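The exercises below are to be worked through with the sequence and the coordinates at hand. Each task is followed by a solution in steps.

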Amino acid sequence: MKKTVFTLFALCVMLMTVHAATPQRLVVDAAAKGHPIANTMYGLFFEDINYAADGGLYAELVKNRSFDFDHPTLGWRLFGNVELCNDGPFERNPNYMRLRYSGHRDIHTGLENEGFFGIALKAGDEYRFSLWARSHGEAEQTLSLNIVSDDYTLENTVIKHIPVRITSSEWRKYEVVFTVPATIRDGRLRLILEQPDPKQYSTTTGVDVEHISLFPVDTYRGEKNGLRKDLAEALAALKPGIFRFPGGCIIEGTTLETRYQWKNSVGPVENRPVNQNRWHYTFRHRLFPDYYQSYGLGFYEFFCFAEQIGAKPLPVVSCGLACQFQNDKTAHCSMEELQTYIDDALDLIEFANGDPTTTWGKVRAEMGHPEPFNLKYLGIGNEQWGEEFIVRFEPFLQAVREKHPEIQVVGTSGPSASGERFDYLWQEMHRLEVDLVDEHYYAPETFFTENADRYDKYPRTGPKVFAGEYACHGANGKKFNHFNASLLEAAFMTGLERNADIVRMATFAPLLAHAEGWQWRPDLIWFDNLRMMRSTSYYVQQLYATNRGTRSLPITLNGVAAIGKEGQNGLYASAVMDEKAGCYIVKVANLAEEAQPIEIDFEGLKRNVRFAPTAERITLSADDPMAENTLDNPTRIVPRSEWIPSNGNSITTTLTGRSFTVLKINLQ
Ligand code: AHR
């Protein structure tokens, strides 16, 4: 009896070993023509949600710098004799503060700004303070600029003190560059009107101040009015081919009045009227009444950034519908009013591409970019639905087509990835022959395992697909940005790549989130005022984008596409050829817990083609599927690169359990 049990056990172990040792055979059809992969395939979708712009990518450190929020003192503490005035030098941001002597020796007049969740400054780094000011009563006045910290461990909580001489009774801009001796994360900017001898001065003497600003000097590419360097560099490192902006729901606005109007976001920053950010009140459990849009990061800056990072710009404009989730049909523009929205879109094309002699081309040129931005794509509407959308979209589309046939128009399939609204919209998009349709899916794990073949079933004619917003949301809403979600995204994305003939663009969403001010998660990059963390989804996006290839090739497992079906043991794969670099790239997500040996054969290779002796294997894996990168441990899970031997015309390797692997096979 004992002997039989032992023999059975030994047999099982042997069988398991044989199973584990038998590699799964993936076959790349190297002779196939394949599908060209658009260079817009992987990109960025930027929306000012989670303090992504003000308080995030836009490097301004002062909140409500021009006192034009609905509550003009939001973000500020006032001391002494301060009065709000509204006939300032900037027509579209008319508010400013009047600082006057208090008339008392011991009462000082001043202002203090709290920044975005505090003002963080780094020891030794340079900062540029600026303000617009004019003196009143005496030709010269002095403002004392103080950087204050709450950190009682510092020798002095006022870590910097700089006098700023206001020398004119006319509005002028003053600028001071300084460094701080200590790193602080919770700082405030305090401005005090110096009053040497109160008897000499009347309470009508003082300084008027407006547009009070503080930027790091070391912004992305060192630009003034620039971007936070670490965040911008992380975005650039994703090597995006497309850059969609400025949203998302903020395009629509909570109401039409608060929609994103691109014309308000260009020209001198001082004169860009602030707008509410619709995310401040969207979620009852995450209210941020101080969340506004200064538009310091506006359309000109978006176009410049797209150009700098090598991405094609894809601006999206309002189609006259206020957020449909939050409004009924009465909130939308009338058909008579629609022309204004259409004109805004046509003007935007002129702003981007027009000659500097045109009205809007001139604005662009005056801002510093006489050359066109080469705009090729335009999104009309965000997550719209129903007939109320189509009746507006159709004339909108016609007007753009008529005046700018060179522009490819991106329509929408609404907020969900299936259902009645979705089907109706796709049907309409086909009828109207739009160029691309934007699809959104924030979906649970099962969606990503079950939809790797989603686009295999799409018609091959008609509009192309822009997977404009997607992310795997942990089941039961409990877990965010954990490794397993990223792995499922990687598995799903093999289907985007396999269907590169119709999927032309794909962007994860949302992009950025301030750890202290988020409204939506998961997000690709998290940050606080001093630190930044790339999520594991970031690395998946980066691995796809930096290994995009130029042509997608069929790859099969047991004769069918590798999409984790029966017998495929959780393997999802795609293959591309990079004709420029002269290499094949195979991406495989292994959703099985165990390690799996695989053999990749390339059928139909030309006789003289040999692989280089070693191939690069890049693996993204985690010891725990629920693990994540955090601001405290940002590099817990990062891709690892190794070199493995090639067999001349095939590759054998073992995939780590629960991993995403990219194999780069150079030709000799
Ligand atoms: O990305 C967050 C939001 O999700 C976007 O604003 C909107 O388009 C979608 O509902």
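Helices (H or I, at least four residues) and strands (E, at least two) are DSSP runs, numbered from the N terminus. The model is predicted: local features need pLDDT of at least 70, side-chain atom pairs count only at pLDDT 80 or more, and totals for chains, interfaces and linings use all residues. Residues are numbered from 1 along each chain as its sequence is written, and side-chain values use heavy atoms, with hydrogens and water left out.

**Exercise 1. Backbone angles**

Solution. Step 1: E433 sits in the loop between α8 (420–432) and β21 (436–443). Step 2: R221 belongs to the loop between β14 and α2. Step 3: for context, most residues other than glycine have a negative phi, and most peptide bonds are trans. Step 4: to classify accessibility, take buried as under 20% relative accessible area, exposed as over 50% and partly exposed as in between (1.4 Å probe, protein chains only). E433 is exposed because its relative accessible area is 60%. R221 is exposed too, at 54%.

Task: find where cis peptide bonds join G247 to G248 and A509 to P510.

Solution. Step 1: the bond between G247 and G248 is cis, with omega about 15°. G248 lies in the loop between β15 (242–245) and α3 (249–252). Step 2: the bond from A509 to P510 is cis, with omega near -20°. P510 is placed in the loop between β23 (503–508) and β24.

**Exercise 2. A strand and its partners**

Task: explain why strand β7 (residues 109–113) counts as largely enclosed.

Solution. Step 1: five of the five residues of β7 are buried, so the strand is largely enclosed by the rest of the structure. Step 2: in a regular strand the side chains alternate between the two faces of the sheet. In β7, T109, L111 and N113 point one way, G110 and E112 point the other way, and all are buried. Step 3: to find partners, note that two strands pair if DSSP finds at least two bridges between them. Strand β4 (residues 76–79) is joined to β7 by four bridges and runs antiparallel to β7; within this pairing, F79 has G110 as its bridge partner. Step 4: β7 is also joined by five bridges to strand β13 (residues 184–193), again antiparallel, and T109 stands opposite L193 there.

**Exercise 3. The ligand shell**

Task: which residues come nearest to the ligand, and how do the 13 residues around it divide by type?

Solution. Step 1: a residue is near a molecule or strand if one of its heavy atoms lies within 4 Å of it. Of the 13 residues around the ligand, E47, C249, E383, Y442 and E469 come nearest. Step 2: count Ala, Val, Leu, Ile, Met, Phe, Trp, Tyr, Cys and Pro as nonpolar, Asp, Glu, Lys and Arg as charged, and the others, Gly among them, as polar. The shell then divides into seven nonpolar, three polar and three charged residues. Step 3: a polar contact is a pair of N or O atoms within 3.5 Å; within protein, one must be able to donate a hydrogen and the other to accept it, and residues adjacent in sequence count only if both atoms are side-chain atoms. A backbone N or O atom of C249 lies 2.7 Å from a ligand oxygen atom. Step 4: the protein covers 96% of the 280 Å² of accessible area that the ligand has on its own (Shrake-Rupley method, 1.4 Å probe; for residues, only the protein chains shown count as cover).
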